[in-house]
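Visitor: Hi, I've just opened this one and could use a quick tour. Can you walk me through it?
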Amino acid sequence: VCSMGNSTSRLYSALAKTLSSGAVSQHQDCLEQPDSARLDPIDPKDLLEECQMVLQKRPPRFQRSFVNLRKNAASNHRPIRVMQWNILAQALGEGKDNFVQCPMEALKWEERKCLILEEILAYKPDILCLQEVDHYFDTFEPLLSRLGYQCTFFPKPWSPCLDVEQNNGPDGCALFFVKERFQLVHSANIRLTAMKLKTNQVAIAQTLKCNETGRLFCIAVTHLKARTGWERFRSAQGCDLLQNLKSITQGAKIPLIVCGDFNAEPTEEVYREFSNSSLNLNSAYKLLSPDGQSEPPYTTWKIRPSGECRHTLDYIWYSQHALNVNSALGLLTEEQIGPNRLPSFNYPSDHLSLVCDFSFNQDPDRLL
């Protein structure tokens, strides 16, 4: 047992605390923001040190570098850092996903949550978009709200997590933004439809006002239907999301950033729908390729009983007429990931986090 001072021990109790399943289930019906305003703010450095203390027996986290995409580009405001990440629902990681090369010990929540928090704290996003969040009420909302984020969660109506014994409630999408930098103007929880039927997939779209520039923009997070054979279903969900976003952005008058696990390779129809949309969207991670036209070779890499799965499924889309991508976080190399792939003792999810720094175009009235 490590000796800790009063402030650190209070922080440790916040990190270690887990609500009872009864308390969590009470939240699931109302989805009201839990009242964390009464709790003391957390210094991110203290929380990072606490996470590292929990993780001291694990190998150090992977080092990744940002790639500068706009050399000598002048901007009169601080960039907006956006992080996209499917963090892997705890119930699915332990109960359904069958990562045959990942030891169960590597998936223990007490340590895995610290790996997730360490990744978030390392990159300090202004806006954080997460999928497969099933520990929102007992971990992410209480801690991130104390770090200065405003937090929103929208669960899947029929989450597969609920089929797992000793689950922590449904998984869903979560969106967090730094209250010091942005004001919430409008928020919409969207249950996606396909063929006019409501589906199990969801999205959150929020219109924010940047306090520094006074500019409005919309940030959205989603997670489309998984698995081979559901390509047309994903396409329909993508069309529905685009229609919703056209309305929210007043036909692209408000700049837009869409983060998500689309469960779709760039060859799928839903990818083409976003590429060719009247919202004039581009995929930020294409800019890392030599010609600026190719997606990364992978954003998820795992081994299941059926074999090795290496796919590009995760994207950050943005309004290319109104926003610039200043830099993007490079991906993990195959050597870093290792032969047993993801997740692992080094990395908490089977999906890589994507992080981009955005700035507003200096000509806000520029036409599409």
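Predicted model: local features only at pLDDT ≥ 70, side-chain atom pairs only at ≥ 80, totals over all residues.

Visitor: OK, what about α7 itself, how many residues does it have and what should they span?
Guide: Helix α7 covers residues 231–248, which is 18 residues, and at 1.5 Å a residue they should span 26 Å. The C-alpha atoms at its ends are 26 Å apart, so that agrees.

Visitor: Which residues in α7 are buried?
Guide: Among them are Phe233, Arg234, Asp240, Leu241, Leu242, Leu245 and Ile248.

Visitor: And what covers them?
Guide: The cover includes strands β6 (182–194), β7 (197–210), β8 (216–223), β9 (256–261) and β10 (281–283), plus helix α8 (269–275).

Visitor: Switching topic: where is Asn280?
Guide: Asn280 sits in the loop between α8 and β10.

Visitor: Why does Asn280 count as partly exposed?
Guide: Because its relative accessible area is 24%, and partly exposed runs from the 20% limit for buried to the 50% limit for exposed.

Visitor: Which side chain does Asn280 make a polar contact with?
Guide: That's Gln320, with a side-chain contact of 3.0 Å. Also, the C-alpha atom of Asn280 lies 9.8 Å from that of Pro255, and those two are 25 residues apart along the chain.

Visitor: Zooming out, how many helices and strands are in the chain?
Guide: Nine helices and 15 strands. Of the 368 residues in the chain, 56% are buried.

Visitor: And what's the accessible surface of the chain?
Guide: About 16,600 Å², with 48% of that belonging to carbon and sulfur atoms.

Key:
Residues numbered from 1 in each chain as written. Heavy atoms only, no water. Helix = DSSP H or I, 4+ residues; strand = E, 2+ residues; numbered from the N terminus. Expected span 1.5 Å × (residues − 1). Buried < 20%, exposed > 50% of the residue type's maximum accessible area, 1.4 Å probe, protein only. Contact = heavy atoms within 4.5 Å. Areas by Shrake-Rupley, 256 points an atom, 1.4 Å probe, with all protein chains shown as cover. Polar contact = N/O pair within 3.5 Å; in protein donor to acceptor, adjacent residues only side chain to side chain.
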